[in-house]
There are 2 protein chains.
Amino acid sequence: MPYFDTASAAPLHPVAREALLAALDEGWADPARLYREGRRARLLLDAARETAAEAVGCRPDELVFTPSGTVALHSAVAGAMAGRRRTGRHVVVSAVEHSAVLHAAEAYDATTVGVDRTGRLSPADLAAALRPDTALACVQSANHEVGTLQPVAEAADVCRAAGVPLLVDAAQSLAWGPAEGGWSLLAGSAHKWGGPPGVGLLAVRKGTRFAPAHPADERESGRSPGFPNLPAVVAAAASLRAVRARAAEEAARLSALVDLVRTRVPRLVPDTEVVGHATERLPHLVTFSCLYVDGEALLGALDRAGFSVSSGSSCTSSTLTPSHVLKAMGVLSEGNIRVSLPPGTSRAEVERFLDVLPSVVAEVRAHLGAPTSPGPAPEPAADLVVDSLGKRCPIPVIELAKVIDRVPVGGTVTVLSDDEAAALDIPAWCTMRSQDYLGPRPAPKGTAYVVRRRT
Amino acid sequence: MPYFDTASAAPLHPVAREALLAALDEGWADPARLYREGRRARLLLDAARETAAEAVGCRPDELVFTPSGTVALHSAVAGAMAGRRRTGRHVVVSAVEHSAVLHAAEAYDATTVGVDRTGRLSPADLAAALRPDTALACVQSANHEVGTLQPVAEAADVCRAAGVPLLVDAAQSLAWGPAEGGWSLLAGSAHKWGGPPGVGLLAVRKGTRFAPAHPADERESGRSPGFPNLPAVVAAAASLRAVRARAAEEAARLSALVDLVRTRVPRLVPDTEVVGHATERLPHLVTFSCLYVDGEALLGALDRAGFSVSSGSSCTSSTLTPSHVLKAMGVLSEGNIRVSLPPGTSRAEVERFLDVLPSVVAEVRAHLGAPTSPGPAPEPAADLVVDSLGKRCPIPVIELAKVIDRVPVGGTVTVLSDDEAAALDIPAWCTMRSQDYLGPRPAPKGTAYVVRRRT
């Protein structure tokens with residue numbers, strides 16, 4: 001049963017399991033104690049820190065272990081902002097950062113830097129957003145939803161020139177290699193690389209102003225309060241070293257499988273858009289969106305077919321809003337599927353996924369009454385209004401697609417919708433179908449999305 | 001090799017180990033995902049929450065898992081204070097709370113309620129400290145250093161009458177039973193009961209105002225950010241149920257062993273004070289202090305003799321200050337030893353400890369040149385000044401003890417000391433030796449501690 005959601009959580013690496021079991025026996029005591037059990041625990045903690053620091057590319061005394069990647073990011077933002085509070089309360093974030101960074105930034109004066117349609121940040125845009133009162137900039141190494149790599153080395157140069165520390169969220173990329181460039185702070189998450197949950201990394205380079213924002217605590221250089229989760233920390237470090245040892249080989253192998261998906265899906269499944277950068281990307285992750293498909297139904301159908309994947313579609317989020325990443329990229333969000341391959345995924349598993357996908361998508365589309373071929377053209381109307389109020393993604397787009405042939409070239413279809421995903425998906429549909437999107441207009445209820453038939 | 005520091009960290013309970021291994025295989029995925037691995041993880045998380053809630057004595061939806069007991073306490077204080085910010089910024093804490101509570105309270109207007117010589121808080125003193133702008137009161141269920149139980153049920157009544165929520169730090173007592181009384185918030189720590197590290201509990205009763213003080217995050221009802229440490233959570237819940245099933249029996253057994261220590265130590269080792277309440281106490285924990293002994297040397301000697309214990313003496317802390325608990329109780333801090341017995345400790349192990357202790361203490365005292373018997377009395381002086389400036393615990397007390405016989409009854413010895421432990425240990429020595437402590441007086445350097453010979 002292939003599990004293709006390793007970007008969310010990876011199954012425990014065998015090396016992590018072995019290290020965890022050993023450390024449960026040897027490393028349960030308090031490493032701050034002076035008796036033999038404490039000294040043993042201290043040795044394990046020191047060794048884990050050295051291993052992790054080597055993989056991160058920093059000094060052991062620059063790295064602390066936190067309870068999760070999320071907490072590492074929260075602490076990094078709060079600690080860096082407090083450390084530079086005299087400079088100001090301005091923070092710059094890319095629009096595609098993990099929600100942990102975006103939510104942490106909400107406490108300050110935050111500027112969001114947009115990305116292009118591939119999800120990539122421009123260092124020039126970052127430079128333009130920096131101000132004299134900017135205390136911190138945050139750029140991820142690679143995006144968690146679409147796999148696009150960010151130019152972190154250039155971002156670090158831009159920040160250094162402006163005297164602003166750069167926080168790199170390296171959660172998605174640490175398995176593959178250290179983050180490039182002269183970052184000041186870095187965060188990671190062990191369960192993304194096959195380590196156990198309960199372990200994050202926070203590295204703060206010497207010379208970076210940092211003032212922990214939590215109550216005083218002696219643990220982890222005062223940067224991560226609470227009793228250290230030592231057995232998990234040991235397992236995290238051991239598995240990071242193990243995945244790194246095979247990273248180059250596995251990256252090449254998985255990247256070829258991802259290319260297979262990127263090339264085949266648009267051929268096998270009509271009306272599909274592969275999103276994210278084609279080459280500047282993580283080796284193991286590919287995301288695509290399927291028109292006229294309900295993401296939740298698609299997830300369910302794929303699950304029944306034996307495939308575990310995730311989605312950034314609005315219908316799969318608790319807030320019924322599309323993923324902020326897809327929104328920032330301006331790409332289709334409906335029928336969105338993220339495939340992230342765990343190490344060891346075989347070509348046969350990916351082939352099986354590609355075999356199953358077309359019929360699964362077709363079934364969901366049929367169930368929703370999506371247009372499959374140009375319908376019979378009843379009496380043409382010059383302009384049409386489709387009332388999709390109260391209907392959720394992907395229905396507004398389906399209703400638009402069903403009537404576009406009923407207006408003459410040059411005529412318009414106006415879709416009335418109060419679903420947030422429509423703002424993203426109707427323009428995306430226009431791009432995919434070479435129709436003209438005339439923009440959203442105010443309407444008495446919801447929003448009027450106006451499309452002019454071009455072809 | 002007996003490990004007698006279970007109040008610091010307990011070795012992993014066999015049930016926890018078994019549950020952890022099973023959950024590593026079944027519960028590594030994201031419980032928020034809808035595919036089969038996610039659903040399995042969700043079931044495990046829900047079951048763990050029910051088990052833990054039953055042990056705590058609350059509803060499952062009132063309980064969240066945190067990365068540690070420390071983080072649970074930090075979140076409890078910050079969340080309760082933010083939830084009641086309109087009431088005020090005043091918080092009341094007992095003087096013997098865990099440092100995690102005391103440090104969290106530092107961010108607010110904090111009033112500290114003292115304890116008696118046994119370490120016990122008086123509900124009347126708590127009542128007197130509550131004000132109209134008091135947003136929270138914090139009382140531990142049992143003290144982590146001396147084992148004294150606090151009257152939490154009475155404290156909860158006092159708080160309820162004043163309309164103030166009570167946070168109970170139940171970290172030391174949850175293994176033995178639920179906290180009594182109508183608390184509003186409760187925190188616990190799994191590695192104190194034989195669960196794995198990396199898991200704390202935070203319970204917030206329905207109706208308690210609570211506003212999480214960290215960046216927004218959907219996990220754990222918004223009260224504990226970050227990917228849940230599910231395998232450890234499952235292990236924590238399973239082991240809590242397991243230790244509770246044998247709690248009554250084990251409490252009776254260990255309590256008898258503690259009574260043995262409490263009775264025997266003062267007989268076996270001269271100049272020793274057993275601290276903490278004799279009956280209102282944890283079943284497995286006993287603490288005593290030995291005059292004229294350096295705590296660090298004593299820990300080291302006991303470690304070499306095969307016993308792992310901890311100490312609240314100043315010389316064993318990174319800040320060279322005595323434990324705030326011993327300070328609040330006003331008891332001797334030098335040569336302090338905490339013995340906390342893990343479940344399953346045998347009488348033979350405790351007997352062996354009692355066999356070894358007298359010679360270990362005698363050795364350390366001999367090494368420090370401590371007085372063993374009344375020395376020869378040279379020409380008596382009416383009043384003496386001992387210059388102990390620059391000397392650390394237990395030297396100032398040793399020097400006092402060595403000269404007290406040289407002044408006549410009614411004469412004074414003034415000890416000049418700049419060691420913080422002297423403020424605690426010189427009065428404690430006077431109490432133990434029936435001498436009159438006339439109090440600290442300002443001195444050009446350090447403090448002058450004046451003792452009048454009574455006997």
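Student: What pLDDT does chain A average, and what percentage of the residues score at least 70?

Tutor: Chain A averages a pLDDT of 94, and 98% of the residues score at least 70. The term pLDDT is the predictor's confidence in each residue, from 0 to 100. This is a predicted model, in which local features need pLDDT of at least 70 and side-chain atom pairs count only at pLDDT 80 or more, while totals for chains, interfaces and linings use all residues. Residues are numbered from 1 along each chain as its sequence is written, and chains are lettered from A and ligands numbered from 1 in the order in which they are written. For the complex, the predictor gives an ipTM of 0.90 and a pTM of 0.91.

Student: Why is Pro371(A) called partly exposed?

Tutor: A residue is buried if 20 or more other C-beta atoms, placed from the backbone, lie within 10 Å of its own, exposed if 12 or fewer, and partly exposed in between. Pro371(A) has 18 other C-beta atoms within 10 Å, so Pro371(A) is partly exposed.

Student: Where is Pro371(A) found, and which residues is Pro371(A) in contact with?

Tutor: The loop between α11 (347–368) and β11 of chain A holds Pro371(A). Helices (H or I, at least four residues) and strands (E, at least two) are DSSP runs, numbered from the N terminus. Two residues are in contact if their C-beta atoms, placed from the backbone, lie within 7 Å. Leaving aside neighbours within four places in sequence, Pro371(A) is in contact with Tyr292(A), Ile398(A), Ala401(A) and Lys402(A). Pro371(A) and Lys402(A) are 31 residues apart in sequence, but 5.8 Å apart in space, C-alpha to C-alpha.

Student: What makes β12 and β14 of chain A a pair?

Tutor: Two strands pair if DSSP finds at least two bridges between them. Strands β12 (residues 412–417) and β14 (residues 447–452) of chain A have six bridges, in the antiparallel sense, so they pair. Val415(A) stands opposite Tyr449(A) in β14(A). Strand β14(A) also pairs with β13(A) in the antiparallel sense over six bridges, and there Pro440(A) stands opposite Tyr449(A). The hairpin of β13(A) and β14(A) has four residues between the strands, and Gly446(A) takes a positive phi near 65°.

Student: What is the order of the strands in the open sheet of chain A, and which are the edge strands?

Tutor: The order of the four strands is β11-β12-β14-β13, with mixed pairing. The edge strands are β11 (383–387) and β13 (436–442) of chain A, since each pairs on one side only.

Student: How do you know that strand β2 of chain B is mostly covered?

Tutor: Five of the five residues of β2 (residues 90–94) of chain B are buried. On one side these are His90(B), Val92(B) and Ser94(B), and on the other Val91(B) and Val93(B). Strand β2(B) pairs with β3 (residues 109–113) of chain B in the parallel sense over five bridges, and in β3(B) the bridge partner of Ser94(B) is Val113(B).

Student: What is the largest nonpolar core, and which residues have the most contacts inside it?

Tutor: A nonpolar core is a set of buried Ala, Val, Leu, Ile, Met, Phe, Trp, Tyr and Cys residues joined through C-beta atoms within 7 Å. The largest nonpolar core has 305 residues, and those with the most contacts inside it are Val77(A), Leu298(A), Val77(B) and Leu298(B). Among the residues that Leu298(A) touches are Cys290(A), Ile337(A) and Val364(A).

Student: How many residues of chain A are in contact with chain B?

Tutor: There are 49 residues of chain A in contact with 49 residues of chain B.
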